[in-house]
Amino acid sequence: MKIQDIIFKKYDNFTEQSNFSIKFKSFNSLLVHVLTANNPYFFHQKSHWETIIENALEADIQIGEYIALDISAILIRDPACQNIYEAIFFYKGFHALAWYRVSNYYWKLNNKLLARKINHFINSSLGIDIHPAASIGHSIFIDHGTGVVIGETTIMENYISMFHGVTLGGTGKESLGCRHPHIASHVLLSSHCSIIGNIKINVGTRVAASSVVLDTIPEFVTVAGIPAKIVRHNSPHNTEYKWNFKWYEE
């Protein structure tokens, strides 16, 4: 069963038990509603934006798959999330990420004006700035989200958690090529940390709150400070690096 179908089945079961009156036919129809109904920038021309999302989801199946995995990341990583309805409707970091995935599709089609328009609306309404050209993997969890900035040439792999105020930015000294960080899988970026320049944060690394990282960081360490220094070595066998998907069976 596809991850989209698993997420939708779990959502459908929850709404059935909760006697919710609003029903959807599919994961895609649920997603289209969530991304347009709750944001005034898109609700004004709701049918227009619904078509934009639907076209992207139908043309590239991976978009829906990655969005479903982002929902699963909330359910797995956030103990404050009580149910799947909350994860889908009330997490603005998820909404910004889902809209980024749509904008990235249009950016790759060279419809850059539309992609930037989506980026502008999301930044204005949610306070989260994800450039549509950034490369972002699946199972990403942006908690709280306010003030997050992800630059144009940023690369993010999979299973990454990040909090409010994180900046993945450039130094301002480069104008060509990759100007932004590469974040490997299973990395935790704590609130208000800044990762600056064409550097890599390797797998299993934790960056402490308000740290400023200016150099490449090796795998499985914790860094802190300005500039950030290694303060701890993390065990690769720690269970926090092994994502648990047993909730599918609940």
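Helices, meaning runs of H or I of at least four residues, and strands, meaning runs of E of at least two, are taken here from DSSP and numbered from the N terminus. The structure is a predicted model, and over residues 12-99 its chain is 75% helix and 0% strand, with the end C-alpha atoms 22 Å apart. For these residues, 12-99, an unreviewed UniProt entry lists "domain: Serine acetyltransferase N-terminal". The domain assignment of the protein chain gives domain 1 (1-12 + 26-128) and domain 2 (151-240), and the C-alpha centres of domain 1 and domain 2 lie 25 Å apart.

Seen down the axis of H4, the buried residues fall within an arc of 125°, so they line one face of the helix.

| Side of H4 | Residues |
|---|---|
| Buried | Trp-49, Ile-52, Ile-53, Ala-56, Leu-57 |
| Turned away from the buried side, exposed | Ser-47, Glu-58, Ala-59 |

The buried residues of H4 pack against helix H2 (27-37), helix H3 (40-43), helix H5 (61-77), helix H7 (92-108) and helix H8 (112-126).

The model also holds an open sheet of 6 strands in the order E3-E6-E9-E12-E14-E15, with mixed pairing. Strand E3 (141-142) and strand E15 (229-233) are its edge strands, each pairing on one side only. E3 pairs with strand E6 (residues 161-162) in the parallel sense over 2 bridges, and Met-162 in E6 is the bridge partner of Ile-142.

Conventions: Residues numbered from 1 in each chain as written. Predicted model: local features only at pLDDT ≥ 70, side-chain atom pairs only at ≥ 80, totals over all residues. Heavy atoms only, no water. Buried < 20%, exposed > 50% of the residue type's maximum accessible area, 1.4 Å probe, protein only. Arc of directions from axis to C-beta. Contact = heavy atoms within 4.5 Å. UniProt positions renumbered as here; feature names shortened; annotations may be inferred. Domains from an automatic or database assignment. Pairing = 2+ DSSP bridges.
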